[in-house]
Amino acid sequence: MSQQHDTYYVPSKSQWPIVAAVVMFLTVFGAAHWLNAEPGESGFGKTVITVGAIGIIGMFFGWFHSVIKESLAGMYNPQVDTSFRMGMMWFIFSEVMFFGAFFGALFYIRNFSIPWLGGAGHGVLTHRFLYDNYSASWGAEGGNGPMHVGGAFSTVVPWGLPLLNTLILLTSSVTVTIAHHALRAGHRGKILVFLGLTVLLGATFLYCQAHEYMEAYKELNLTLHSGVYGSTFFMLTGFHGLHVTLGTIMLAVIWFRVLKGHFNKDHHFGFEAVAWYWHFVDVVWLCLFLFVYIL
Amino acid sequence: MAHEATHDHHDHHHAPQGFFQRWVMSTNHKDIGTLYLIFSLTMFFVGGSFAMVIRAELFKPGLQLVQPAFFNEMTTMHALVMIFGAIMPAFVGLGNWMIPLMIGAPDMALPRMNNLSFWILPFAFTLLLSTLFLPGGGPAGGWTMYPPLSLQSDSLAYVVFAIHLMGISSIMGAINIIATILNMRAPGMDLLKMPVFVWSWLITAFLLIAVMPVLAGAVTMLLTDKYFGTSFFNPHGGGDPVLYQHVFWFFGHPEVYIMILPAFGIISEIVPTFARKPIFGYKAMVYAIASIAFLSFIVWAHHMFAVGLPLGADIFFMYATMLIAVPTGVKVFNWVATMWGGSMTFETPMLFAIAFIILFTIGGFSGLMLALVPADFQYHDTYFVVAHFHYVLVTGAAFAIMAATYYWLPKWTGHMYSEFWGKVHFWCSVVFVNVLFFPQHFLGLAGMPRRIPDYNVAFANFNMISSIGGFLFGASQLIFLGVIVHCVFFSKKKAADRVWESAKGLEWTVPSPAPHHTFEVPPVVHDEELAHGHVND
Ligand code: HEM
Ligand SMILES: [Cu+2]
């Protein structure tokens with residue numbers, strides 16, 4: 001891939017990296033402080049997190065602002081574009097591995113830890129002596145473990161809101177692809193419509209998800225505390241939801257950039273990066289729907 | 001500062017003015033590489049001082065210097081600081097400095113992200129080290145942070161967030177390295193002509209991106225188990241503490257290769273130079289690195305033989321682990337074959353490289369012993385394991401970093417280091433490191449557990465020897481510091497562009513010291529300039 005270039009492009013100095021490091025530090029330092037605070041004395045930690053979080057948002061604005069400006073000034077040659085693309089692809093790969101850790105935990109718990117607690121394999125003694133004849137099962141019966149951590153609960157029925165959410169995300173994948181084709185063909189109006197639809201679908205998904213969480217907490221007694229069932233359910237869907245939130249925000253930003261005419265048919269890395277991200281979020285959801293809700 | 005995006009074409013050869021601008025806002029791979037290396041050296045001494053506390057306490061049986069809780073904090077922090085603060089940043093620093101020079105690129109592919117990757121680290125380590133001053137003390141459950149022990153400490157949140165930050169830094173650094181290698185090579189620098197060091201980093205970067213997120217996931221589960229009431233590792237709720245070990249070691253084993261593959265790359269640069277022969281079996285070397293990386297994903301449970309895995313798992317992981325010895329052996333034989341019949345000279349980098357080959361092999365052999373399930377039942381969690389990983393990490397990774405420092409320091413600074421003091425450093429290090437770690441094999445075989453501040457009097461003699469070796473090895477590293485400081489600030493002896501007589505590769509075609517900007521126009525690479533330009537099958 002080492003094509004011939006007249007000169008290489010090396011970007012100028014920037015203060016954003018150090019700003020980013022500082023605000024990230026503030027956020028996690030505040031968070032750690034807050035987590036360890038005695039009840040009632042959490043003021044300091046919360047203040048620091050808030051400052052850090054606002055700083056992170058500001059940093060993203062500032063950093064992307066300068067990058068977009070440079071991009072519009074035509075400073076990025078095709079080689080830089082390729083670097084950005086690779087960067088985004090490998091970033092998504094790292095995200096896949098992050099979700100992999102939680103899916104791995106889910107598979108392990110369902111295939112090993114729960115059955116072993118119920119006496120499969122060589123675990124017979126634990127099951128007899130520690131846990132009053134727990135019999136292994138998943139879902140509402142045994143999903144919160146032999147001590148029924150978090151109390152009795154029921155599970156979310158996959159064929160209601162989750163199915164709707166699946167359809168929403170699948171549709172949004174289609175709309176974002178249509179918008180991409182429109183971009184390649186140079187139809188700005190069509191891009192705006194379909195990209196706008198994608199943003200709306202993302203927001204609807206989030207709304208449904210929030211609704212589902214509320215129902216789970218209030219009516220099903222399915223909470224983060226509901227043993228490993230609750231742990232895996234909320235951590236997986238929660239991290240996914242967080243990614244949908246980010247993706248929706250990024251899509252919205254791209255929508256404004258399209259409105260401002262930042263992209264043309266050959267030069268639209270920002271658009272593609274966000275579209276890739278969106279497809280990735282979509283695929284994760286399909287896995288969630290299958291492994292967390294249905295099976 | 002978006003407005004000065006037009007970059008300074010007029011001062012190619014000197015660094016920009018202004019301390020803050022140059023070092024904190026940098027987009028220059030050499031400056032950022034230097035920052036990484038300085039950071040790593042600092043952490044090497046911080047982590048080293050923790051090791052001195054450990055060895056001082058273990059000098060005699062009984063408790064004399066520190067409380068057991070603090071001793072445990074020291075073992076935990078020593079490992080975390082050395083792994084994430086010393087070894088890994090050193091390799092990233094070397095990669096930053098050398099990869100663009102070796103492939104004819106002007107800089108890293110994403111220079112600003114490069115700067116961010118670095119600057120996260122000092123903050124992450126501030127967070128980590130600050131836990132030592134917390135009311136409850138620092139983390140004391142071992143660097144592996146096994147639950148439920150690790151969940152008892154209030155410092156957990158700080159440690160987890162520090163690890164998140166380090167992970168973000170590593171992932172961004174790795175993405176940058178991959179993009180640089182795949183996208184920024186000068187014309188003529190085909191993939192199979194790249195220096196082995198560059199290859200080793202390409203594969204290491206892949207490993208980093210694949211496993212750092214998994215570590216992030218594992219420690220996130222610790223965090224939510226402690227603070228948010230999840231039950232991942234709590235059997236009452238259907239979880240399993242062993243799950244943590246699986247997730248952790250899925251990261252952990254590739255991680256140990258992350259710490260050795262770039263070392264393999266370094267040795268593969270140095271040995272041909274001082275043997276005055278091209279590397280033996282270039283392609284085999286590259287494929288060996290790739291297969292080691294692949295295998296590293298399917299051996300993790302060899303760290304868990306003693307927790308009671310199903311028999312089938314024990315057997316699978318035992319054989320898979322032993323399989324790694326094959327590509328590793330290929331590498332060792334190829335280094336030896338490269339030296340065979342060469343006209344060798346023994347400057348300091350070569351001395352460290354040869355010591356690496358011999359002593360790393362000892363570590364590999366003890367690894368093979370540990371890979372045998374029935375034997376590991378005996379050795380697990382004893383000093384034998386400690387001896388094993390210090391042979392691969394100190395005489396392996398750290399020696400390779402030292403070799404690299406001596407090898408490229410003249411290129412970085414434009415001055416020669418003192419060969420005499422370099423050799424003194426080498427001989428002190430190589431002797432004392434064995435005094436330090438070799439007896440630990442015997443201690444482990446005799447059953448001395450690791451991570452315990454006191455021990456049976458039967459272990460007294462070997463422990464005293466080991467501690468003496470430890471103090472002297474620690475002191476020897478001050479020589480290293482002295483040699484570096486002397487070379488950077490005081491050395492009068494100018495280095496030639498091609499510092500070593502028969503060194504090959506693009507990095508030797510630029511002046512010494514390497515100017516602030518190199519290869520702004522892609523160089524045309526000729527095969528005969530390259531160490532591996534004429535590789536056939
Ligand atoms: C021939 C190759 C190797 C084999 C067969 C091997 C095998 C093993 C085994 C079986 C253990 C677990 C021992 C126990 O806890 O009972 C172990 C531990 C360890 N190995 Fe290796 N190893 C090899 C190479 C390496 C390399 C190259 C490194 C790092 C550069 C390394 C670093 C470690 C570390 C850090 C531990 C201890 C982790 C801990 O429990 O804290 N090993 N090795
Ligand atoms: Cu291992």
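**Exercise 1. Work out how α2 and α4 of chain B pack: at what angle, and how far apart are their axes?**

Step 1. In this predicted model, helix α2 (residues 29–57) of chain B packs on helix α4 (residues 111–130) of chain B at about 15°, with the axes 10 Å apart. Axes here are lines fitted to C-alpha atoms over the stretch in contact, and angles run from 0 to 180 degrees between N-to-C directions. Helices are DSSP runs (H or I, at least four residues), numbered from the N terminus.

Step 2. That angle makes α2(B) and α4(B) roughly parallel (angles under 35 degrees).

Step 3. Now look at who touches whom, with contact meaning heavy atoms within 4.5 Å. Among the residues involved are B:Phe39 and B:Met43 of α2(B), and B:Phe118 and B:Trp119 of α4(B). The tally for this contact is 14 nonpolar, four polar and no charged (Ala, Val, Leu, Ile, Met, Phe, Trp, Tyr, Cys and Pro count as nonpolar, Asp, Glu, Lys and Arg as charged, the others as polar).

**Exercise 2. Find which protein donors hold the copper ion (ligand 2).**

Step 1. Pick out N, O and S atoms within 2.8 Å of the metal (3.2 Å for Na, K and Ca); water is not among the atoms, so sites may look incomplete.

Step 2. You get B:His253 (ND1), B:His302 (NE2) and B:His303 (NE2), at 1.9 to 2.0 Å.

Step 3. Check the neighbour: the iron atom of ligand 1 is 4.5 Å from the copper ion (ligand 2).

**Ground rules.** Residues count from 1 along each chain as its sequence is written, while chains are lettered from A and ligands numbered from 1 in written order. Local features need pLDDT of at least 70 and side-chain atom pairs 80 or more, whereas totals for chains, interfaces and linings use all residues, and side-chain values use heavy atoms, leaving out hydrogens and water.

Note on methods: Helices (H or I, at least four residues) and strands (E, at least two) are DSSP runs, numbered from the N terminus. Angles under 35 degrees count as roughly parallel, over 145 as roughly antiparallel, 65 to 115 as roughly perpendicular and the rest as oblique.
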